[in-house]
Amino acid sequence: MNKIKANADDINELDLVERLKKGQQWAFDVLVKQYQNRLLKIAYGITLDREDSLEVVQDVFISVFKNIHTFRQDASLSTWLRKITINQCLNWKRKWKRKFKWNHESIESENDQNLFEANIKSNDPEILYRKKQFEKNLMKLIKKLPEKTRMVLVLNAFEGLSYEEIAKTLNIKKGTVSSRLYSARKKLVNSLGMSNERR
Amino acid sequence: MIKFIKIILLFTGISYLCFFPQHAFAKNRILTNVKVIHASTGPQHVDPSLNKIISGLQSVFKYTSYRLIKDQQLNLGFKESGQVSLPGKRTLVVIPANMEGKRIRYQISIQKNRQSIFQTQVLLKNNSSITIGGPQFNNGVLLLNISGSVH
Amino acid sequence: MGKKCNVYTSEDISRFVDKELPKNTYHEVKQHLNICLKCNQKAEEYRTLSSVFTDHAHQEILKIDPAELRHKLAQTQENLEKKSLRNVFGIFGKNIYLKLASIAAILIISLYTFQGDHPAGPSAIVKSIDTDFASVVIIETQKENHTIIWFSET
């Protein structure tokens with residue numbers, strides 16, 4: 001088989017798993033290329049730290065390469081990778097007892113009338129500045145969310161998983177997923193929206 | 001390295017405690033237990049407290065009934081005399097004399113009407129026992145199980 | 001922001017945004033959003049939260065250097081081999097002193113238990129007997145090595 005010509009995008013999951021099981025270095029490179037962004041985002045969403053999320057995902061890939069023979073293929077490779085990433089993040093946090101790096105700064109509450117213009121695509125410097133502020137404030141609030149709630153938000157927002165899929169991944173009930181997601185949104189919107197009333 | 005030395009010192013301490021108790025604790029007490037057993041050919045019976053020694057006794061004697069009629073604990077120092085009254089106006093006298101290696105030297109005497117009718121000197125293994133019998137009693141005999149341990 | 005919608009709750013809108021409502025309800029809510037400013041705004045807010053969060057994460061994440069990762073993988077494998085060799089030849093691997101200490105302690109205590117209190121031989125060694133009784137027998141039971149001194153008063 002002409003490995004050199006094969007494109008990483010063309011390789012299908014089954015084939016990749018087979019090659020990984022054979023210990024092919026090339027397959028490992030493909031695995032990293034295909035999945036790193038997704039896993040890094042999930043890890044970042046949970047750890048909220050760039051360096052930590054990088055370390056976690058590197059460990060995930062190494063662990064997957066070493067333990068690929070334990071992958072039973074009863075779920076997709078991405079599902080498996082996602083679960084490993086979440087577990088690694090939780091273990092990472094437990095191991096190092098990391099707290100939020102940022103201190104408890106108060107939210108800068110200027111111009112919050114246009115809080116939700118963040119989605120508006122504009123080159124107006126003022127709008128761009130407000131967008132940045134909104135993002136900053138949002139992240140401060142997200143950091144304060146309980147880890148269990150944030151995980152649900154991460155899987156919903158980053159992976160687009162259904163409630164059912166999130167429930168399976170985290171071993172919780174579907175109803176719990178719904179209520180945690182709603183609770184997170186309510187908290188975030190209220191906190192960001194409350195500043196609006198101070199104007 | 002320091003950790004290793006600490007461990008070696010710990011071993012030495014443990015070894016000393018394990019192997020030199022007799023010399024280290026020569027001034028301690030000898031707990032002597034005396035069980036007075038009535039053995040007879042009556043209805044089958046073995047007192048539960050005799051379970052530890054009964055198989056040995058049954059391998060030697062043809063008695064069918066073993067009843068515990070007295071169980072006395074004596075806390076004696078060396079050369080201190082301990083007495084146990086026995087049925088039929090008898091008395092058992094035990095004296096732990098000294099240690100010989102890991103054995104306790106006992107002087108044991110059975111008296112009747114204050115007269116010694118039987119005397120023996122034995123070297124009893126620590127935490128072990130000897131059985132002496134048998135003065136006649138009530139259609140059977142008396143077996144005297146004497147055990148000793150150093151404390 | 002003032003009044004809430006009387007028809008649907010914020011939670012309904014949250015589930016709508018995630019397409020987790022029953023099919024019919026989903027379409028009803030979709031229709032409702034065309035006429036209800038409040039619900040429409042709520043839905044937008046919820047979508048914005050997700051998209052801003054996602055964009056932020058996308059910007060923040062660092063890239064994995066494949067060469068560095070390969071090196072890390074090779075190192076991990078090397079460490080694993082060293083560990084297993086240490087275990088084979090060193091037998092104990094980590095905490096060798098602690099393990100040696102435990103084994104030695106067990107040995108010493110066992111020696112003490114089995115020799116210290118239990119010298120070999122009968123339970124009692126008869127040194128002397130003084131009696132007027134005609135027959136005296138000294139017995140040692142086979143199994144327990146229990147010493148019995150038997151005399152007959154008759």
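This is a predicted model: local features need pLDDT of at least 70, side-chain atom pairs count only at pLDDT 80 or more; totals for chains, interfaces and linings use all residues.
Biologist: What makes β6(B) and β7(B) a pair of strands?

Modeller: Two strands pair if there are at least two bridges between them, and strand β6 (residues 103-112) of chain B and β7(B) have 10 bridges, in the antiparallel sense, so the two count as paired. One of the bridges sets B:Lys112 against B:Gln115 in β7(B). The two strands form a hairpin with two residues between them, and B:Asn113 in that turn has a positive phi of about 50°.

Biologist: Why are β4(B) and β1(C) called edge strands?

Modeller: The open sheet to which they belong has five strands in the order β4(B)-β5(B)-β6(B)-β7(B)-β1(C), with antiparallel pairing. β4 (82-86) of chain B and β1 of chain C each have a single partner strand, so one side of each is left without a neighbour in the sheet. From one strand to the next, the twist averages 20°. Inside this sheet, strand β5 (residues 90-100) of chain B pairs with β6(B) over 10 antiparallel bridges, and B:Glu100 stands opposite B:Arg103.

Biologist: What makes the pairing of the seven-stranded sheet "mixed"?

Modeller: Strands of a sheet pair through backbone hydrogen bonds, either parallel or antiparallel. In the open sheet with the order β2(B)-β3(B)-β1(B)-β9(B)-β8(B)-β3(C)-β2(C), the pairing is mixed, and an example of each sense can be given. Strand β1 (residues 30-40) of chain B and strand β9 (residues 140-150) of chain B are antiparallel over 11 bridges, with B:Asn33 opposite B:Ser147, whereas β8(B) and strand β3 (residues 147-151) of chain C are parallel over four bridges, with B:Ile132 opposite C:Ile149. The edge strands here are β2 (45-46) of chain B and β2 (136-140) of chain C, each pairing on one side only.

Biologist: Which helix lies across strands of that sheet, and at what angle to β8(B) does it run?

Modeller: α3(B) lies across β2, β3 (65-76), β8 and β9 of chain B together with β2 and β3 of chain C, and its angle to β8(B) is about 50°.

Biologist: How many residues does each chain bring to the contact between chain B and chain C?

Modeller: Chain B brings 35 residues and chain C brings 32 residues. On the chain B side, α1 (2-19), α3 (51-60), β7 (115-125) and β8 (128-137) each supply at least two, and by class this side has 16 nonpolar, 15 polar and four charged residues.

Biologist: Why are the buried residues of α1(A) said to line one face of the helix?

Modeller: In helix α1 (residues 13-21) of chain A, the buried residues are A:Leu16, A:Arg19 and A:Leu20. Seen down the axis of α1(A), they fall within an arc of 100°, so they line one face. A:Leu14 and A:Lys21, on the other side of α1(A), are exposed, and for that label a residue has 12 or fewer other C-beta atoms within 10 Å of its own. After α1(A) comes A:Gly23, with a positive phi near 75°.

Biologist: Which residues touch the most other members of the largest nonpolar core?

Modeller: That core has 59 residues, and A:Leu31, A:Leu39, A:Ala43, A:Val57, A:Val60, A:Leu138 and A:Val154 touch the most other members. Its largest share, 12 residues, comes from helix α2 (residues 25-47) of chain A. Another core, of 32 residues, lies apart from it, and includes B:Leu57, B:Tyr63, B:Ile130 and C:Ile149.

Conventions. Residues are numbered from 1 along each chain as its sequence is written. Chains are lettered from A and ligands numbered from 1 in the order in which they are written. Two residues are in contact if their C-beta atoms, placed from the backbone, lie within 7 Å. Ala, Val, Leu, Ile, Met, Phe, Trp, Tyr, Cys and Pro count as nonpolar, Asp, Glu, Lys and Arg as charged, and the others, Gly among them, as polar. Axes are lines fitted to C-alpha atoms, for helices over the stretch in contact, and angles run from 0 to 180 degrees between N-to-C directions. A nonpolar core is a set of buried Ala, Val, Leu, Ile, Met, Phe, Trp, Tyr and Cys residues joined through C-beta atoms within 7 Å. A residue is buried if 20 or more other C-beta atoms lie within 10 Å of its own, exposed if 12 or fewer, and partly exposed in between; C-beta atoms are placed from the backbone. The arc is that of the directions from the helix axis to the C-beta atoms.
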